[in-house]
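Good morning, colleagues. Please look at the structure as I go through it.

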Amino acid sequence: MHVAKPGLRVLGIAESYSGREQSTLAGVVMRKDLLIDGVAFARVTVGGSDATDAIIRLFARLGRRDVNLMMISGSVIAWYNIIDPAAVQDATGLPVIVTTYEESEGLEEDISRHFPRDTGRLAAYRRLGDRVPVRLHTGYDLFIRPYGLSPEDAGRLCNAFTCEGRVPEPVRVARLIARGLVRSARPGRP
């Protein structure tokens, strides 16, 4: 993948979790010039273990061969539904960058407390490994886990897709769309 390629397309994926049984994932295909040219959706089970499969389904629904990279907002979504970015990369053939936005001591204690007999969930979390800090041109820090590309290239791509703040545009827009879809589906909403 050529990081500087002007026609580069990223599939940004983010969720909207509102405490229900299912959480909504939105995927946005965004070109490097920040134009959007695709959207898809999937659902994941709150507290489940289907996040990886949902992301792979979302990508398949797009039916796109021109997407060069996937950016996912967080690797633990929908109340500890853990994404396996390496499996996503293997299934899609795309490099993956998982983005998070704050320093953290990790979630091992929380996972152990909420899922005391679920050793598989804890093992899945541990397989994620450490996050790499990236200082963005905006002055903010972003924390990434890159799969299928170097941390340096992943950092350059995050910088190229971040206009302000600390959230790259593909995942920021995906989050907005997921939230809008969830809000519009709530009972009593016009």
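The largest pocket holds about 710 Å³ of space. A pocket here is an open set of points on a 1 Å grid over the protein atoms alone, where a 1.4 Å probe fits, with protein on both sides within 12 Å along at least five of seven lines. Its volume is the space filled by probe spheres set on those points, which are joined across faces, edges and corners.

This is a predicted model, in which local features need pLDDT of at least 70 and side-chain atom pairs pLDDT 80 or more, while totals for chains, interfaces and linings use all residues. Residues are numbered from 1 along each chain as its sequence is written, and side-chain values use heavy atoms, with hydrogens and water left out.

The largest pocket is lined by 26 residues (each with an atom within 4 Å of a point); G74, V76, T100, L107 and R131 are the closest to its centre. Which element gives the most to this lining? It is β1, with three residues. By class, the lining has 10 charged, nine polar and seven nonpolar residues.

I turn to the second largest pocket, with about 220 Å³ of space. Its lining has 16 residues, and I82, I83, D84, A124 and R127 are the closest to the centre. Two or more lining residues come from each of α2 (85-92) and α4 (119-127); α4 gives the most, with four. Helices are DSSP runs of H or I, at least four residues, and strands are runs of E, at least two.

Key: Nonpolar A, V, L, I, M, F, W, Y, C, P; charged D, E, K, R; others polar.
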